[in-house]
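I opened my notebook beside the structure. These are the entries on what I looked up.

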Amino acid sequence: MPSKPVTTVLFDFAWTLFARDPNRWVGSAAALVGREVAVGEAQRIASDFAELLRTTATDPAHIARDLDPQVWDWAILAVLQQIRGVDLPFARALHETHAEALEPYADTLSTLAALSARDIRLGVVSNIGWDIRKCFARHGLDRYIDAFVLSYEVGFVKPDVRIWRTALDALAAQPDRTLMVGDHPSGDGGSVTAGVPALVLPMVSSPAQLRGFDHVLTLAGI
């Protein structure tokens, strides 16, 4: 962990600050195609999707999706169709509704507000092929974020050391006074190659739950 007082915290996006509510996401997509959703199916589809994205996140064959919005669209459709019970029309509906279904975890707002109140600069570093700023704006969280470093905009994908250097430059941050928070050991944990300590939190399935950001506040001296 940082050996000096923390002045900057970098966060991953999906399954770190935000997650999809399974029932809302799958239910709204199913309604678009007139499909019934069996008991427990929404949770299974959301869980399978999360696991497929996590397992392919650092696979060279899939990195292109995080560098090009057009590649992202067809790659995500391909991932969704790997899930049992998801055909192409349903996959398209799931893809269409995925952004609206993203919600912050129960302790996201309070954590960002507490860090910002201590003048700790905040950044989001994400492997993503679309503009996630609208999710933050929808929930009034964009005011806390000092820099968004998105792979498709900067041309680097975690754990490439260049994405961390880009984030540090954007925030005028020192590596030994910065903390990276995420959920992916090899992706988010890759910040250590740039000298930035990482806190990798275990997965939490629902945005209604606490994400465990009390550890972040403790490390930040709050």
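I began with contacts, meaning heavy atoms within 4.5 Å. Among contacts in the protein between residues at least 6 apart in sequence, I found that 69% join residues at least 24 apart.

I noted the ground rules. This is a predicted model, where local features need pLDDT of at least 70, side-chain atom pairs count only at pLDDT 80 or more, and totals for chains, interfaces and linings use all residues. Residues are numbered from 1 along each chain as its sequence is written, and side-chain values use heavy atoms, with hydrogens and water left out.

Next I looked up the secondary structure. The protein has nine helices and seven strands. These are DSSP runs numbered from the N terminus: helices are H or I with at least four residues, strands are E with at least two.

Then I checked size. The radius of gyration, taken over C-alpha atoms, is compared with a globule rule of 2.2 Å times the number of residues to the power 0.38. For 222 residues a compact globule would have a value near 17 Å, and the protein agrees because it has 17 Å.

How much of the protein is buried? I read 53% of the 222 residues. Buried means under 20% relative accessible area, with a 1.4 Å probe and protein chains only.

I turned to strand 4, residues 121–126. Five of its six residues are buried. Strand 1 (residues 8–11) runs parallel to strand 4, joined by four bridges. Two strands pair if DSSP finds at least two bridges between them. Val 9 has Leu 122 in strand 4 as its bridge partner. Strand 5 (residues 147–150) also runs parallel to strand 4, with four bridges. There, Phe 148 is the bridge partner of Val 124.

How values were computed: Buried < 20%, exposed > 50% of the residue type's maximum accessible area, 1.4 Å probe, protein only.
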